[in-house]
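Student: I have a structure on screen and want to learn how to read salt bridges. Where do I start?
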Amino acid sequence: MKEPIKIAIAEDHELLRKGLVSILASEPQFEVVFEASNGMQTMDALKTHKPSVLVLDLDMPYMSGIEVLNSVEKEYPDVKPIMLSMHNSKNFVLQCLILGACGFLAKNTNVEKIIESIESVHQYGFYINDDHSMQFLKGEVRRRNIIIPETGDSKEWMEDVFQGVGIDSIVTKYNVSKEQILQFWSEFKNNLKTEKMV
């Protein structure tokens with residue numbers, strides 16, 4: 001039997017936090033290792049609990065989601081954060097990706113998409129929404145001259161990545177491997193982090 005995916009929920013609105021905890025804890029593939037209502041509680045809990053995936057609210061008291069994200073990247077690089085927010089603007093998404101975010105969820109996201117995002121981030125290290133809100137990232141790939149692994153369908157599968165099509169579906173549809181897609185995403189994230197250091 002597979003080990004459950006360890007999850008933490010950091011959200012200051014109690015009703016939403018408790019709802020997420022209840023839903024995710026009821027799924028056999030997940031184990032909720034802690035919940036926190038503010039940024040400082042989140043960082044304290046991470047000293048003793050090591051989730052694979054951290055669902056992290058952007059707007060929290062004491063330490064914002066951005067501050068927590070920055071600290072998590074430096075202190076707990078194996079923890080994969082998914083940002084929970086009411087808005088996914090271009091600047092917000094880029095800033096969070098640079099700081100180590102692995103995915104983004106709107107607060108009104110349905111349960112199926114929440115589960116899908118956690119499983120994708122745990123297994124592959126990233127999740128792209130299928131609401132087309134991330135399509136602007138295609139332009140960032142071109143602007144930064146990110147190398148796309150050479151396959152006969154490279155342009156088409158990259159389009160699907162940024163439209164939120166799942167990796168398994170892309171592998172089935174195109175002449176590309178999971179390793180090539182993950183290599184492409186890794187180079188893109190590394191390029192963003194290099195910009196942060198400049």
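Tutor: Start with the definition: a salt bridge is a side-chain nitrogen of Lys or Arg within 4 Å of a carboxyl oxygen of Asp or Glu. This is a predicted model. A search of the whole structure finds 11 salt bridges.

Student: Which side chain meets Glu-35 in a salt bridge?

Tutor: Lys-18 does, at 3.1 Å from N to O. The pair links distant parts of the chain: Lys-18 sits in helix 1, Glu-35 in strand 2, 17 residues apart. Glu-35 is partly exposed, at 31% relative accessibility. Lys-18 is partly exposed too, at 41%.

Student: Where do Asp-57 and Lys-107 lie?

Tutor: First the contact: their side chains form a salt bridge of 3.1 Å, N to O. Asp-57 is in strand 3 and Lys-107 is in the loop between strand 5 and helix 5, so the bridge ties together parts 50 residues apart in sequence.

Student: Is Asp-57 buried or exposed?

Tutor: Buried means under 20% relative accessible area. Asp-57 has 0% relative accessibility, so it counts as buried. Lys-107, at 23%, counts as partly exposed.

Student: What separates Arg-143 and Glu-140 in helix 6?

Tutor: About one helical turn, because they are three residues apart in that helix. Their closest N and O atoms are 3.0 Å apart, in a salt bridge. Arg-143 is exposed, with a relative accessible area of 54%. Glu-140 is buried, at 5%.

Student: Which residues are joined into one network?

Tutor: Glu-11, Asp-57 and Lys-107, through salt bridges that share partners.

Note on methods: Residues numbered from 1 in each chain as written. Predicted model: local features only at pLDDT ≥ 70, side-chain atom pairs only at ≥ 80, totals over all residues. Heavy atoms only, no water. Helix = DSSP H or I, 4+ residues; strand = E, 2+ residues; numbered from the N terminus. Buried < 20%, exposed > 50% of the residue type's maximum accessible area, 1.4 Å probe, protein only.
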